[in-house]
Structures are given as structure tokens and as C-alpha cells.
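Work through the exercises below with the coordinates open. Each task is followed by its solution in steps.

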Amino acid sequence: RRVHGGHYVALILHEQREVWIHCNDARTSILSEREVADAQPYILFYKRRGIVSVAEHVAEMDAAVAELNSAYDAAAAAAAQEAAPALARKRSAAVALESDHSPARKRRRI
């Protein structure tokens, strides 16, 4: 058959309304599931569901990694801020201890 002539029929599932539509040249009508099951199509087209493209998957993973990195950075900054006073006290104690054990300090004790 030539594309410019002939008689073409299509059965289409309207996903939002969950009905089958029979397209017959310039006319359309709604079909029951039984009428669709009894039809004898010779070409079928399927739509995949629940499968994302690789690009979409990579974008989702990148977003998740960025979110985790941001949360990690925030937690690390909070921990560093909490630990800062204790670190400052330890540094002061170390400096004091170092000055107590300096050779000049030891000579004065003798």
C-alpha cells in the first residue's frame, strides 16, 4: 500500500482517562476492553514504564551525592565549631607544659 492512500485504523490507550480510542480515518470512538482484545492488530507499539534513561539516572545520582556532600560539610563544620574551645584549651595546656619543661625554666629551679 502507498502511504497517501488506503484505510488506516489505530487503537490508542488514553492513559489519563484509562479508555481505548478507536481512530478510523476522520472518526474516533471509545472501545471496550473486550473490543480491543478481539481486535487483530498487526503492529503493536509499547511504552516502557518505570525505566529512566541513563542521563536521568546519572543526574539523580549527582544530585544525591551533592546533597550528601553538603550534609557532610555542614556536619563537619558544626563538629569543628563544637570542638574549637576544647582544642584551644589543649593548645594552651600544651604551650604551658612546654614552657614548664624548657631548659631555661629547669635551670631556675635548681
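**Exercise 1. Find how many bridges join β1 to β2, and state their direction.**

Step 1. Assign the elements: helices (H or I, at least four residues) and strands (E, at least two) are DSSP runs, numbered from the N terminus. Step 2. Count: six bridges join β1 to β2. The two strands run antiparallel. Two strands pair if DSSP finds at least two bridges between them. Step 3. Take one example: Ala10 has Cys23 in β2 as its bridge partner.

The model is predicted: local features need pLDDT of at least 70, side-chain atom pairs count only at pLDDT 80 or more, and totals for chains, interfaces and linings use all residues. Residues are numbered from 1 along each chain as its sequence is written, and side-chain values use heavy atoms, with hydrogens and water left out.

**Exercise 2. Give the strand order of the sheet and name its edge strands.**

Step 1. The open sheet has three strands in the order β1-β2-β3, paired antiparallel. Step 2. β1 (9–14) and β3 are the edge strands, since each pairs on one side only. Step 3. On average, neighbouring strands of this sheet are turned by 25° against each other, direction ignored. Axes here are lines fitted to C-alpha atoms, for helices over the stretch in contact, and angles run from 0 to 180 degrees between N-to-C directions.

**Exercise 3. Decide whether His22 is buried or exposed, and list what His22 touches.**

Step 1. Locate His22: strand β2, residues 19–24. Step 2. His22 counts as buried because its relative accessibility is 19%; the cut-offs are under 20% for buried, over 50% for exposed, and partly exposed in between (1.4 Å probe, protein chains only). Step 3. Leave out residues up to four places away in sequence; His22 then touches Val9, Ala10, Leu11, Arg27, Thr28, Ser29 and Leu31. Contact means heavy atoms within 4.5 Å.

**Exercise 4. State the element order and the buried share of the protein.**

Step 1. From the N terminus, the elements run β-β-β-α-α-α. Step 2. Of the 110 residues, 4% are buried.
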